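Colleague: Could you walk me through this one? I'm new to reading models like this.

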Amino acid sequence: MANVLFLFSLVMIWTMLLYHMFLMQGGFWHFMTFRDPISEWSKNMKDLPKVSVLIPAHNEAVVIAATLRAMARIAYPHDKLEVILINDNSSDRTGEIAQQFADKYSFIHVVQTTPAYAGKGKSSALNYGLTQSTGDVLVVYDADNTPEKDSVYHLVMGLLNDPHAGAVVGKFRVTNAYETLLTRLINIETICFQWMAQAGRWKWFNIATIPGTNFAIRRSIIEELGGWDEAALAEDTELTIRVYELGWHIRFFPAAITWEQEPQTLKVWWKQRTRWARGNQYVVLKFMRQLFSLKRKKIVFDIIYFFFTYFLFFFGVILSNSLFVINLFVDIGLEVGNITLILWILAFLLFVTEVFVTLSIERSEFNVQNFFTVILMYFTYSQLWIVLVIYSLYLEMKRVLFNQEVKWYKTDRFD
Amino acid sequence: MRYKVLIVLFALLCFPHVTHANSPNVTIVYSSTSNDVPPEVHKLDALVSRFSENIHILRDTEVTETSFKKTSHLFYFGLNPATIPSSTRKQINESNASLYGIGFNANQLKAFEKIDAIRMQGVSTFYQERTDTNLTFELADTVFSVNNQAATVHARIAQRDKEHSTIIQLNEHFYSGIYNLLNRSSLLLADSLYDFFEVEAKQEHLGYIRLEDVNPSTDSKLLEETGNYLLDRNIPVLLAVVPVYVDPDSGQNVHFTDRPELLDVMKSLENRGASVISHGYTHQYRSSETGEGFEFWDVENNQPILTPSDEEPILLKPKEAFSNTKEYNAYLSEVLDGETSYIQSKLTKSIHELVSLGLHPLGFEAPHYTMSHSGYQLTANYFSNVFGQIQWSNTEWEVMGVTPYVSKPSLLHGMTLYPETIGYVRTDLPRPVDEMRRARDELMLVRESMIGGFYHPYIGMEHLADLIDMMESTPNFQWLDLRDQNEWVRTEDVSIQTSNGTMSLQDNRSPVWSQLKLNMPNSFLEKSLWALAIITFTAVLMFLAYTLYLRTQRKKRLFKERG
């Protein structure tokens, strides 16, 4: 019995590890090649479409000025650009600050959500923004983002040169990476996410996930979909799947770069991640039910991946840890010997080397400080994820049992 | 003159060959209803093999005018009542060879015209003239009594307070009324062969004790304790070793490399004088467990093993399914190819694995003593001896037994049989050593008889001292030391040879490869895990290489990005 359980957990865990190993290979490959077509593509950048940049903002007074300063510097023909700050129910000076920019720059507009849309979260705010915009291409930024000046240009470049791309997503970097230990860990995590999950999946399967910020999408698609799903906590994952269902793919184009702020305290991090985890669990459960009726098999694969991450892999880790602990006290007849110890060490080395590759891709990030942070990360930050999934599963269960309403928690910003 | 000396010297050098030619030329003629050589005849051949290296077996219908041309000793063995073909009868009667008649029909021959044989049932008490011993065997027998005043009597039977002769000698001719040679009473016939061949027996009883079924699941403490006890008593103990422990229920497949402490015990016992013999490779077939299962006989289908363990066994078709013998033989040789490769692989693996572990197998014992006759023929390419019992029948595994003394049965194609004659310590019996003592006492009927038995090390010390005391109380008892014999074990790549107390090993395998093979993981699970580890390790190396590459490109990239 113990052996069967152990084998099960082993298969679950190593399926994930092997998959990530495979993704890392693709990610590295994508890094080596993604710039190759840029010079060719630039030649097609003549008849540019009109772009609407949507920035949903709810009580973002702390960061909004910096965000709009970056927006003001966007290198895109101003007659074909509108930046719309969607002020959603802010009780602080968000609207006031934004208005100063709107007064100064003709292509920056501030809109106020109407009662039908107000205070319901990001999806709802975006849907309102959609009604106020006129661009053929919609670009979304979170209110804390400071995109590099040519990021919008690169996003549009991806869309213009890839007729099958429904959306193009860029890369995001962390502004406060060296503020606290937590932001340092998050910084490493985001770099890994982009070069393994995003770049890897794109290179192997032409799949990327809309990360909620720094992406461009064709207006026609959003309209066909009837806007953003307001019930979804992770509106980006949800949108991703629906875009694929329409027959489009989403391109990962890391030439478009934005910088964003990450939570500096554990409490804020915890709330944000709980929302993500619950959001993704919601998506998995929503689409698992209609898994085999989905037209795009590629995305089925991606949903299974999520299912693995939040359920099977998670369960495998819990099981494996439990067996390990029980085995310390009672002999449960585990028949596997030294090889599992070797595998454990290899799993650790795999983690470390994968992170090293992604860090070296971001030139300056592979430094002594991060070298030790990575080693520490495996035993601390990575393990926090287990607690997080347990907690979010508990919340999700509670919600289903007591029929509670989802509440969108907005991430707190820092000066 | 010098040439003459050289010629004499040359002749002396040739002497060993001459002795071979001088060994009695024996022909065994038998009458039987069976088409194949009956097990009893194989047994007779084995008994005779102690005295002759030239034995020819003929069915009574196969005798020709030249059959006995060189024969010095002729046996006639009647297994059933029959009329001996007249031409055969004539050939036997006209032969100058000493004749030994056994069982039925002997009175049809001139030499035994007047023996007046009467068949008697329920005979269990026998008397041996030579040793003046009365013995009652456990099981009753059917034998012929003979009534001939002129004869010298070697053995008698007692029934209803009356004595009758059963083995007699008339001049140089012998007759034995004991004809169930698979029964215990055949001991008396075996002993009479010394007189028939006029051989002076050595005043010695060789003996051995095997520690049985030593395999990777064996308790190392108990093996150490029992092994060292025997060695302390200067007994060259034998270890019957099975290199792999298989338990299909749990999917376990354990090798000695998984039990280093047990291997150390075995090596230290061998260093102190114990001899290792190969007891198969897994001591099981298909879904059976090591020690329980048969390895060289498909007991479920009672036939030789024709397919590897993981394949469905082919059922051997009976002879009747074929229109003629030629077709049957063609079929047989085809399916027996499966047996050949199976046995070759098992024996090679067993020897190679034992040698890779640092042990020196010096002999062979078939698991549960079972093996087909073609199997023995193959085994003779690998081993110079066999311990235990022999399967006399090629179709029924249960028909097995031993000769009471060391022999070289034709069935074994040159291998020496070191017979297991007193059985083993059975813990289900109240006084197991007494049972073995009884067998030993019966063996005293036979000159040079071997006292061979085994002991399961898992029993611990409980009966061991008693057993050894009993064995050593045998008159003129000597322990057999395999290292003092000229034994050899070999495969294409490995050979082990003993002589005068030393062992020499030649191993032509690549040492790296054989060690690698030895330490290869066994189960599918373990193999997969190792494969996983290798894949992961490769990935780790690749990622390290990428990292280093990206670092070397750092400055170049800086300029590129700025540009």
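**Chain A, then a sheet in chain B**

Modeller: Chain A has 14 helices and 8 strands, where helices (H or I, at least four residues) and strands (E, at least two) are DSSP runs numbered from the N terminus. Keep in mind that this is a predicted model, where local features need pLDDT of at least 70, side-chain atom pairs count only at pLDDT 80 or more, and totals for chains, interfaces and linings use all residues. Residues are numbered from 1 along each chain as written, chains are lettered from A and ligands numbered from 1 in written order, and side-chain values use heavy atoms, leaving out hydrogens and water.

Colleague: What share of the residues of chain A count as buried?

Modeller: Buried means under 20% relative accessible area (1.4 Å probe, protein chains only). Chain A has 415 residues, and the buried share is 58%.

Colleague: Over to chain B: why is one side of β23 and of β25 left without a neighbour in the sheet?

Modeller: The open sheet runs β23-β24-β25 in chain B, with antiparallel pairing; two strands pair if DSSP finds at least two bridges between them. β23 (488-490) and β25 (502-507) of chain B each have a single partner strand, because they stand at the edges.

Terms used:
Buried means under 20% relative accessible area, exposed over 50%, partly exposed in between (1.4 Å probe, protein chains only).
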